[in-house]
Amino acid sequence: MATHEQAIALRVDEISKHFGDLVAVDRLSLDVHRGEILGFLGPNGAGKTTALRMMCGLLRPDGGTIEINGKPLVPGRSRGIREIGVAPQNLVIWETLTCVEQLELAARLYDQPPRVARARAEHLLEVFGLADKARRLGKTLSGGMQRRLNIALGLVHEPELLFLDEPQAGLDPQSRVLVRDYLQSLRGTMTIVITTHDMEEAEKLADRVCIIDRGKLLVVDTVARLKNHLGASQLIEVVVDAGASQSLLPAVAKLAPPGTFVAEGEKLLLTSTGSTALLARVLDEVSRLGLHLVGVHMRDATLEDVFIGLTGRRLRE
Amino acid sequence: MRTLAYLKKTFLENLREWKILCLALVFAPAFVYMMYGYYSAATPSYRLLVVNHDIQIDLGEPVGAESETLVRAWREAAHPDGSPVFAIIETTDLAAARAQVKERDADLVVVIPAGFSAAVRKYGEDRSAPPARLTNYADERNLRGSMAMAMSDYVAFSHVAERTGADMPLDVSVTSLGSGRPVSDFDLFVPALLVLALIMVLFTAATSLIKEVDKGTMTRLMLSRLRTSELLTAVSVNQVFLGLVALTLAYLAALSCGYESAGSLPALLVVGAATTLGVVAIAVLISAFLKSMFELLTVGVFPFFVLMFFSECMFPLPKIRALVIAGHTLYVNDILPTTLCVRAFNKILSFGAGLGDVGFELGGILVLTAGYFALGTWLFNRRHQRV
């Protein structure tokens, strides 16, 4: 039976990175368990890609340590670590090589014998729906196909730890399902760290979710626990006349704990526990203030609610 | 195995980037044909305009006999292969003749003054008589003009000495160090034109490297187990092959134009391979400072022209001595491996030198190549592969 230490595929301990005055990553610590899929979330400019680049040895941290399967990752000297596979955010393919040629090349650059490399390339082309495009040059593929090839290139040497930086960007729904299904099939055999802005995708894929903002780790947990952390598994939306939700705020502030309600346009969102009892009192206030009640909706809380709750609504970039 | 895999990749990419490949392979042979067309492969006949005033007024003896025999001597002057040294055009319009020299339609104007025949005859009878005179008009900026003047003067001196029975003050003998066959302007250009084929590798080698940076695939290479040394070995092997193909094509083009080499093709290819490595090393150095194909095709053109001009591929440069090693003088522009290559090619092609005869140049090329590779690899690592 594996000990706790053996079960850690990636250990990030207090890594930091500065670019001039900008603190891109600030003492980030994280354990990723072997075989799990970790969603790595954060607003634009939160430091996700910087953190990811440090985790796969492409960027030297200013401080802190990283361990892959218990072995320290030394940037610059840990080149070609077989355990790591990466699908970068930008498309990184060789435009004038065919799909099969580039997959074979990538495998052989990790010392796989030619026959193994060929078999692996053909398998991944099949998996990612590119088998009939095997002889097509990279530059002649559609954007979605290039994106799938980009992911396949990170997988070709059968890494134990896969970093995917926004792999779903630019994929059509069919491709999303295809990629998601494949990644889910790897659950338990491959450790996957995936950054994404697609909360629905993260919710569907990730065993745990880690949210960072301004380079700091805010939270890391399962989606279910994060929703509970938000205070309620359900949300109530009170919809009044356009823009009138703001006038409800002073009254609601007396009724509900801070941080459990927010006015957004014509909506007032309530997330506090016991929100049903609160709802009756809020509706009394609507009536007392003479506002026109358009509707009341109740829905399940989503990861996006958790994300917005933790990182705020303000635009970052 | 990784090197082989990357070699295959870079070879395939070169094949598929066919426009750049064609440019690299066809550039030098095309230049060979253009230069051949321009200079034609014929031995040089200098265009000599003769303004003869001697004919009109010499009324004593046979009219203008000495000037006529002199003009005949110029006409009969021939290269060892029998081709004429001068193309003589007689004219009476000195102003028009001078204008032709300025326009480089002619190389030299020689004016034979009135009384030339009388003066020659008088000098034949009395050594204290004033010598006959000739006046040359030449453009000092035109090398052909200077050559034409030297040769026409020599013919004139010899002819008048013979006619007057005077002794020439010097008996100069010439022993050719080359093959002895007449050399055309085109022949003189061939060694440098062949080096041009190797310089073109600068673009293909730099393209192979810069493309990885430009397209972001350098990230994949950095993540893989491919070492920088393996990457550069693969690129170099591919480029040396390409360079040798380009060199062979340019050489065949020269042969098809009637060029006769005094040396051996294997010696040429060995020096060519070493020089291509040097050009690849310079390409690595340049690539360290560039990040995109656009930068390569704009900023990267500068080092290309430096190699082209300062290697003396286009025209000779003043020799500025830098140092002397083991009796061999090194000049400032010998810091470019292509300069040493031009010199070695010249020795091989024109003087039939073997590899042993160009050992110093070959050694110099290899030392420079090692130096450029060391510096280029260090900079390339720092700029594009640093984590």
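Here are a few friendly notes on this two-chain predicted model.

1. Residues are counted from 1 along each chain as written, and chains are lettered from A in the order written. As the model is predicted, local features need pLDDT of at least 70 and side-chain atom pairs count only at pLDDT 80 or more, while totals for chains, interfaces and linings use all residues.

2. Chain A has 10 helices and 14 strands (DSSP runs, H or I of at least four residues for helices and E of at least two for strands, numbered from the N terminus). Of its 317 residues, 43% are buried (20 or more other C-beta atoms within 10 Å of the residue's own, C-beta atoms being placed from the backbone).

3. Where the chains meet, 19 residues of chain B are in contact with 26 of chain A (C-beta atoms, placed from the backbone, within 7 Å). Helix 1 of chain B gives the most to chain B's side, with 6 residues. That side has 7 nonpolar, 4 polar and 8 charged residues (Ala, Val, Leu, Ile, Met, Phe, Trp, Tyr, Cys and Pro are nonpolar; Asp, Glu, Lys and Arg charged; the others, Gly among them, polar).

4. Within chain B, the axes of helix 12 (265-287) and helix 16 (359-384) come within 8 Å and cross at roughly 25° (lines fitted to C-alpha atoms over the stretch in contact, with angles from 0 to 180 degrees between N-to-C directions). Helix 12 and helix 16 of chain B are therefore roughly parallel (an angle under 35 degrees).

5. The residues of this contact between helix 12 and helix 16 of chain B comprise 16 nonpolar, 6 polar and no charged. Among those on helix 12 are V271(B) and L285(B), and helix 16 includes Y372(B) and F380(B).

Note on methods:
Contact = placed C-beta atoms within 7 Å. Parallel < 35°, antiparallel > 145°, perpendicular 65-115°, else oblique. Buried ≥ 20, exposed ≤ 12 C-beta atoms within 10 Å, placed from the backbone.
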